[in-house]
Protein chains: 2
Amino acid sequence: MDKKATTRKDDYSKWYNDLVHNADLAEHSDVKGCMVIKPYGYAIWENMRDVLDKMFKDTGHSNAYFPLFIPKSYLSKEASHVEGFAKECAVVTHYRLRATADGKGVEVDPDAKLQEELIVRPTSETIIWNSYRNWIQSYRDLPILINQWANVVRWEMRTRLFLRTAEFLWQEGHTAHATKEEAIAETEQMLRVYADFAENYMAMPVILGRKTHSERFAGADDTLCIEAMMQDGKALQAGTSHFLGQNFAKAFEVKFADKSGKLDYVWATSWGVSTRLMGALVMTHSDDEGLVLPPKLAPIQVVAVPIYKTEEEFHRIEEKFMALGKELKAKGIRFKFDGDDNKRPGWKFNEYEVKGVPIRLAMGPRDLENGMVELARRDTKEKSSISFETALATVEQLLLDIQSNLLERSKLHRANNTFEVDTYEEFKQRIDEGGFFLAHWDGTEATEELVKNETKATIRCIPFTEHPVPGKCMVTGQPSAQRVIFAKAY
Amino acid sequence: MDKKATTRKDDYSKWYNDLVHNADLAEHSDVKGCMVIKPYGYAIWENMRDVLDKMFKDTGHSNAYFPLFIPKSYLSKEASHVEGFAKECAVVTHYRLRATADGKGVEVDPDAKLQEELIVRPTSETIIWNSYRNWIQSYRDLPILINQWANVVRWEMRTRLFLRTAEFLWQEGHTAHATKEEAIAETEQMLRVYADFAENYMAMPVILGRKTHSERFAGADDTLCIEAMMQDGKALQAGTSHFLGQNFAKAFEVKFADKSGKLDYVWATSWGVSTRLMGALVMTHSDDEGLVLPPKLAPIQVVAVPIYKTEEEFHRIEEKFMALGKELKAKGIRFKFDGDDNKRPGWKFNEYEVKGVPIRLAMGPRDLENGMVELARRDTKEKSSISFETALATVEQLLLDIQSNLLERSKLHRANNTFEVDTYEEFKQRIDEGGFFLAHWDGTEATEELVKNETKATIRCIPFTEHPVPGKCMVTGQPSAQRVIFAKAY
């Protein structure tokens with residue numbers, strides 16, 4: 001670990017890279033664009049995955065697994081899908097290697113060329129709807145509510161760990177419905193599931209809304225999204241849920257017979273979140289000292305560090321901590337006692353600070369004598385000395401407090417960096433400061449494009465609101481139904 | 001579902017394919033060699049994965065994730081590894097598609113050719129040891145105990161669902177150690193973990209042993225395995241654990257400084273099981289009526305089917321079952337009440353029989369009156385009428401009984417089909433009947449090869465035994481240290 005890590009103020013981007021490295025979350029591999037997710041980073045992802053997986057199952061979904069490879073021709077079947085996804089793809093052209101003539105290496109065997117190239121899935125709508133065609137005959141076969149946890153590949157030239165990598169891990173839900181209404185309800189339900197997860201587990205407030213036409217998923221009739229604000233004021237799209245209409249059903253000829261026997265195309269949704277959420281988690285809470293993790297997702301929620309000189313002291317402190325640890329574990333709290341004799345307490349303090357462990361306990365011989373334990377909370381860095389007797393109750397409550405404090409802090413940050421602007425002049429002046437800019441927009445792609453070209457800001461979403469207040473477009477002065485969110489984005 | 005499914009006696013291979021299809025476990029996809037794992041099949045795999053994952057974590061391992069792609073040159077770095085794995089691989093040669101001239105399709109963009117081809121991982125030793133090089137400097141960095149859950153691809157021309165597919169799901173453990181002894185102990189420990197899982201969760205007895213030199217993993221100094229016997233007497237390799245010596249450390253230049261500062265190469269192991277276990281599970285227990293699942297891995301352990309004419313009857317039976325279901329769920333038992341009014345009880349009985357649900361409960365108006373419930377166990381097909389009052393305790397105990405009955409039944413089958421043979425004549429006469437043949441072997445590859453060519457049987461393993469009894473090779477009469485297991489295999 002490098003104690004002189006870059007601060008957020010110095011260079012937010014470098015701060016992020018350093019932190020991901022120092023907290024041992026992930027690293028670049030030698031394979032261009034592909035990352036290695038290290039055990040500590042993966043443990044956080046596992047926690048995210050387990051919570052989401054339960055949420056999906058609680059809403060009636062099952063997991064399944066579809067092939068990694070998609071025949072090239074499938075991508076062309078849905079006209080707008082091909083434009084969006086059949087570009088930067090990993091293409092498998094051969095299925096065999098052979099020894100080189102000098103016997104020292106291997107080379108592609110030219111005789112093993114595939115008749116049709118295979119694409120490593122950038123997303124699985126096409127391969128899945130090709131299967132659904134055989135699964136669906138009548139309304140009795142509907143709905144199909146399937147999710148897949150998988151790796152996908154979208155070739156990227158400029159990559160950043162978790163935020164943009166050629167290969168990433170994600171989940172993709174793919175559902176099939178008998179009616180348009182049911183598919184739309186599913187699209188909305190899954191967006192709410194994502195928002196629930198973001199706010200109540202990641203402690204990351206999000207805005208729920210709808211993408212503009214130009215920002216829609218390629219092949220969708222409607223794309224809903226949750227948008228989060230990072231500490232530098234930039235937006236991060238944290239999850240999307242797509243109403244696909246009958247587009248993929250038509251492309252893959254998937255029809256069903258309704259109760260009266262009438263044939264119609266099936267209605268579809270798809271929705272996904274990815275390891276990108278790891279980047280969002282880092283950038284929402286962490287500070288110049290390192291990672292800050294919400295307790296609900298922290299692989300270690302409480303770490304205990306003994307401070308001792310003699311072996312006898314060590315054992316007495318260890319005994320105390322192990323007893324407490326047993327009680328904490330019985331309550332489902334993830335506890336670690338770090339009795340590693342090769343590392344000094346100061347080193348450990350730093351290590352767990354960088355790794356974002358929510359609560360650190362420490363005990364020395366004097367604490368032991370006085371029946372006390374030192375408690376440090378990672379989010380505020382406050383330290384206190386508490387009675388060992390009350391440690392269990394204190395820790396249990398504090399984990400809840402830290403979880404809600406992180407959410408409140410993030411909400412406050414977002415509130416402080418969300419602005420209403422009414423003129424394009426003001427917008428252009430202020431957009432570089434970062435933040436969400438609520439402004440009126442005339443609903444045209446031309447205006448959206450102009451703002452993007454001139455400022456690099458995009459419309460993150462048209463936020464859901466029960467009481468839309470109309471106004472005039474900040475650029476053209478034309479009528480606008482409601483304010484939308486402009487921001488620069490990751 | 002096709003009631004006239006093929007029986008095991010008619011055609012074991014077709015019986016297997018029909019069953020996998022009828023029980024809705026998996027199907028072939030349009031992508032040659034790749035399968036779709038359907039929700040019910042995936043739910044069984046999830047149960048397997050969760051149990052194994054806990055076992056790995058309980059033995060100190062963490063999960064991580066490494067890239068899908070391996071640069072072609074990496075495969076050549078370990079001499080025997082390249083021979084084993086750099087053959088039937090999916091090779092990525094390009095990273096972009098472009099629209100065809102007619103605008104109707106997409107084609108590979110010849111300008112987007114990779115400088116070095118990427119191989120879709122057939123196994124990850126090379127990419128992982130390339131990372132370990134940067135992770136390991138001193139003995140303090142050891143051991144590294146990492147597991148990865150991932151998809152891998154080995155091009156296959158003749159595929160069978162679960163048993164042999166081009167893409168499959170698996171876990172691969174990759175550990176690094178300071179000493180040879182520690183690495184060997186790890187190799188043996190993980191074999192025992194696999195054997196524990198096979199016997200106590202899959203209810204599938206396995207023989208622990210060592211592969212012959214010619215059957216070793218490409219790049220290993222020693223390959224340990226668990227071998228199971230299927231109902232047709234053929235062997236199935238259910239898991240392997242490899243002691244890799246310093247082979248990959250040398251190939252990727254991974255050295256560590258010991259306590260005295262002396263540099264040495266790191267010692268390695270790798271170990272894996274795959275979705276092949278699904279095939280083993282099917283072929284170990286199932287019968288002519290369909291799947292038979294051990295309770296510990298069954299997605300539904302108890303299904304309840306109401307038999308009714310009136311709505312009032314339905315509600316009264318439903319109420320009873322829901323109360324029981326609540327109690328069962330509180331005990332961690334996976335319970336399903338099937339109240340689907342569109343399907344008749346007979347259809348449901350058949351459905352859950354085909355899907356291998358261990359216990360089926362049924363209740364009609366008369367049962368309701370008498371306080372009884374009909375119970376059918378899937379393994380023996382026995383039916384009984386039990387008092388509803390005692391249903392909870394009966395079901396709980398019966399799940400344990402079914403689990404142990406399946407193991408005992410499989411053990412008996414194996415015992416009945418394991419033979420000692422002392423002459424090659426007898427061996428050749430009997431090998432086609434199926435079964436494990438314990439015979440003496442002179443330890444040479446020549447003899448192993450001869451038997452394989454003449455009978456298609458291979459040495460499945462040299463079984464671990466505390467008291468090896470020497471003898472004479474059944475083929476050459478040369479000395480043999482102990483009997484080995486010959487069998488035909490999947």
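Q: How many residues of helix 8 (residues 276-285) of chain A are buried?
A: This is a predicted model, in which local features need pLDDT of at least 70, side-chain atom pairs count only at pLDDT 80 or more, and totals for chains, interfaces and linings use all residues. Residues are numbered from 1 along each chain as its sequence is written, while chains are lettered from A and ligands numbered from 1 in the order in which they are written. Helices (H or I, at least four residues) and strands (E, at least two) are DSSP runs numbered from the N terminus, and a residue is buried if 20 or more other C-beta atoms, placed from the backbone, lie within 10 Å of its own, exposed if 12 or fewer, and partly exposed in between. Helix 8 is largely enclosed by the rest of the structure, because the buried residues number 10 of the 10.

Q: What is the radius of gyration of chain A?
A: Chain A has 14 helices and 27 strands. The radius of gyration is taken over C-alpha atoms, and the globule rule is 2.2 Å times the number of residues to the power 0.38. For 490 residues the rule gives 23 Å, and chain A comes close to this, so it is as compact as a globular protein of that length, with a radius of gyration of 26 Å.

Q: What share of the contacts in chain A with a separation of 6 or more comes from residues 24 or more positions apart?
A: Two residues are in contact if their C-beta atoms, placed from the backbone, lie within 7 Å. Among the contacts in chain A with a separation of 6 or more, residues 24 or more positions apart account for 66%.

Q: Which strands stand at the edges of the open sheet of 11 strands in chain A?
A: The order of this sheet is 3-9-10-16-13-12-11-24-27-23-22, with mixed pairing; two strands pair if DSSP finds at least two bridges between them. Within the sheet, strand 10 (residues 167-177) and strand 16 (residues 267-274) of chain A run antiparallel and are joined by eight bridges, and Thr175(A) stands opposite Thr269(A). Each edge strand has a single partner strand, so one side of each is left without a neighbour in the sheet; the two are strand 3 (62-63) and strand 22 (418-420).

Q: Which residue of chain A has the C-alpha nearest the axis that relates the two copies?
A: Copies are superposed by least squares on the C-alpha atoms of residues with pLDDT of at least 70 in both. A rotation of 180° with 0.0 Å of shift along its axis superposes chain A on chain B (RMSD 0.0 Å). The two copies are thus related as by a two-fold rotation axis. At 2.1 Å from the axis, the nearest C-alpha in chain A belongs to Val92(A).

Q: What is the bridge partner of His94(A) in strand 5 of chain B?
A: Across the interface, 53 residues of chain A are in contact with 53 residues of chain B. Strand 5 (residues 91-94) of chain A pairs with strand 5 (residues 91-94) of chain B in the antiparallel sense over three bridges. In that strand of chain B, His94(A) is partnered by Val91(B).

Q: Which helix gives the most residues to the side of domain 1 of chain A that touches domain 2 of chain A?
A: An automatic or database domain assignment sets the bounds, giving domain 1 (12-285), domain 2 (298-405) and domain 3 (418-487) in chain A. The C-alpha centres of domain 1 and domain 2 lie 39 Å apart, and their contact takes seven residues from domain 1 and five residues from domain 2. On the domain 1 side, four residues come from the main contributor, helix 2 (residues 39-58).

Q: Is Phe162(A) buried or exposed?
A: Phe162(A) lies in the loop between strand 9 and strand 10 of chain A, and has a positive phi of about 70° although it is not a glycine. Ala26(A), in strand 1 (residues 26-28) of chain A, has Phe162(A) among its contacts. Because it has 26 C-beta neighbours inside 10 Å, Phe162(A) counts as buried.

Q: Is Lys381(A) buried or exposed?
A: Lys381(A) is found in the loop between strand 20 (372-377) and strand 21 (383-387) of chain A. Phi of this residue is near 60°, a positive value in a residue other than glycine. With 11 C-beta neighbours inside 10 Å, Lys381(A) counts as exposed.

Q: What is omega for the peptide bond from Leu142(A) to Pro143(A)?
A: Pro143(A) is found in the loop between helix 5 (125-135) and strand 9 (144-153) of chain A. The peptide bond from Leu142(A) to Pro143(A) is cis, with omega near -5°.

Methods: Lists of a residue's contacts leave out its neighbours within four places in sequence.
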